[in-house]
Amino acid sequence: MPTAETYDYIIVGAGSAGCVVANRLSTDPDCSVLLVEAGGRDRNPLFRLPMLMGRLFHSGICNWSYHTEPVPALDGRSLYWPRGKVLGGSSTINGMVYVRGSRHDYDRWAQMGLPGWSYDEVLPAFRRSEAHVERDDAYHHRAGELTVCRARGRNPLFDRFVEAGGQAGHPINDDFNGAEQEGCGRYDFTIRRGKRWSTSFAFLRPVRHRRNLTVLTDALTRRVLVENGRASGVEVARNGQARRVGAAREVILSAGTVNSPQLLLLSGIGPPGELERHGIEVVHDLPGVGRNLQDHVDCVLSWECQEPITLYRDLRADRLAASIVRGMVFGEGIATTFPYEAGAFLKTRPELVAPDIQLHFMPALERTANLHFPNPFKRDPVEANHGLTVRVGPIVPESRGTVTLRSADPAVPPRIQPNYLESAADLRTMIVGVRMVRDLMGQPAFDRYRGRELAPGEEARTDREIETWLRASAMTTFHPVGTCKMGIDPMAVVDARLRVHGLEGLRIADASIMPIITSGNTNAPAIMIGEKAAEFLRGGEEAA
């Protein structure tokens with residue numbers, strides 16, 4: 001199959017990191033950039049409204065709609081794993097929560113022999129992207145492309161949550177991305193004027209006019225082409241036709257934690273035993289590909305609310321329709337907010353150097369957030385529909401999973417085994433987390449509102465009872481990372497400059513390179529990784 005055309009750089013995946021890399025590389029008019037995306041354009045206007053995220057997230061629209069293998073420690077349950085398949089990637093379908101992680105996360109990376117990745121060294125990359133609406137200080141910036149704003153919701157129960165956290169003895173924190181992460185407060189979001197601000201809108205749309213940038217959508221990358229130890233291009237399939245595209249300088253994989261390792265394996269790069277099992281010729285022996293998978297597992301605790309002031313009243317079908325129109329036209333109203341606006345980063349043990357659990361609070365029940373629309377013509381008791389929800393889980397999990405091939409066919413989804421709660425330490429942390437949430441929600445700030453505990457309920461009081469409930473109900477917060485980890489050990493896939501070990505002209509720039517997962521939501525770190533990759537590429541190899 002002849003090579004149809006050649007670009008200086010080929011970026012595979014127009015997601016949270018890929019859009020950043022495409023933007024930064026194409027600032028040089030003398031280099032040509034091809035951005036390849038398996039999904040389509042982000043034209044669905046409903047994805048712009050933050051409140052609709054819950055419903056659309058589970059719809060399968062613009063989504064790879066993966067499912068895990070049965071997870072042994074979760075009673076053999078298979079979990080839904082949505083990943084964005086669209087311009088903007090998962091930033092087009094996610095919860096828009098902007099959390100960078102703790103200082104300790106990145107300093108640990110640097111201590112693992114990865115120069116350039118300490119907190120002080122990645123902070124400039126975070127600030128470079130950010131256009132914060134309200135904050136401008138040593139930690140924040142207002143002149144970047146990625147609009148970030150404070151929580152917009154006005155429901156008084158958010159303030160009650162923060163107040164209860166203080167009553168429980170936890171710090172109050174106005175900025176989880178500032179000097180300290182620990183405490184209770186409200187999150188920041190990638191929302192601009194009431195609309196989702198994905199990386200496609202922030203970084204790609206403003207530069208689509210550049211003549212040296214080509215964006216190819218609905219194009220599945222089948223494999224990376226390797227010649228004489230160097231990545232020479234990619235093979236893509238579009239409209240039923242396969243073609244080869246050459247890369248004069250480098251190929252950058254930004255396909256995500258699932259698809260980047262899958263693409264390496266399909267290209268013959270990975271553990272020889274797995275490749276041979278699927279009849280794939282071994283191009284480069286790299287045993288760590290698809291290993292080191294990490295994700296944040298959590299659980300949902302809920303209570304009845306004794307007063308009708310939760311989001312349920314705003315999401316009644318007739319009221320929601322009016323809110324959607326108002327949000328689309330004016331960028332105002334309940335549809336322009338995200339339901340989990342308050343939260344916390346807490347330590348389960350005081351001697352810890354950084355928080356090890358994260359909380360998300362919502363003044364509604366989970367079914368309300370997923371827009372199982374209330375019936376405006378049916379009068380139900382308050383406690384039947386008005387509720388309070390807190391999600392809690394460990395943010396520095398020890399459990400590790402894998403992404404492996406199911407088939408040598410690029411169109412067949414890979415096997416995903418996250419191994420949630422495989423580590424006894426993760427289970428212990430979750431049990432303590434459940435008890436800490438109960439303590440927080442039991443504070444006087446909620447006395448007026450708190451009704452009967454719905455989940456896990458009175459039947460789960462002992463550690464063994466809570467464990468049984470967790471195994472039956474724990475889920476993911478959709479933060480997979482680590483399957484092409486950065487490092488200097490034998491299982492590392494990329495080095496500190498994101499170059500694939502043992503090959504030339506091939507880098508990876510997405511959340512898959514994280515050696516250890518960051519503390520909290522992972523979209524902001526993925527964007528930072530895109531900034532760092534562009535920094536390395538534009539600085540040349542002398543920067544290494």
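Mentor: Contact here means heavy atoms within 4.5 Å. This is a predicted model, in which local features need pLDDT of at least 70, side-chain atom pairs count only at pLDDT 80 or more, and totals for chains, interfaces and linings use all residues. Residues are numbered from 1 along each chain, and side-chain values use heavy atoms, without hydrogens or water.

Trainee: Which residues does W117 touch?

Mentor: Leave out residues up to four places away in sequence; W117 then touches Y106, W109, A110, V122, M486, A496, L498, I513, M528, I529, K532 and F536.

Trainee: Which residues have the most contacts inside the largest nonpolar core?

Mentor: A core is a set of buried (under 20% relative accessible area) Ala, Val, Leu, Ile, Met, Phe, Trp, Tyr and Cys residues joined through side-chain atoms within 4.5 Å. The largest has 82 residues, and W117, L253, L264, L498, L506 and I508 have the most contacts inside it. Helix α14 gives this core the most, 7 residues. Another core, of 50 residues, lies apart from it; Y66, V258, L388 and L427 are among its members.

Trainee: How do I read a helix pair?

Mentor: Two packed helices are described by the angle and the distance between their axes. The axes of α1 (residues 18–25) and α14 (residues 523–539) come within 8 Å and cross at roughly 30°. The pair is therefore roughly parallel (angles under 35 degrees). V20, V21, R24 and L25 of α1 meet I527, G530, E531, A533, A534, L537 and R538 of α14.

Trainee: Is F446 buried or exposed?

Mentor: F446 counts as buried because its relative accessibility is 0%. F446 sits in the loop between α12 (424–441) and β24 (450–455). Beyond its neighbours within four places in sequence, F446 contacts L157, R160, F161, A164, F361, L388, L440 and M441.

Key:
Axes are lines fitted to C-alpha atoms, for helices over the stretch in contact, and angles run from 0 to 180 degrees between N-to-C directions. Helices (H or I, at least four residues) and strands (E, at least two) are DSSP runs, numbered from the N terminus. Angles under 35 degrees count as roughly parallel, over 145 as roughly antiparallel, 65 to 115 as roughly perpendicular and the rest as oblique. Buried means under 20% relative accessible area, exposed over 50%, partly exposed in between (1.4 Å probe, protein chains only).
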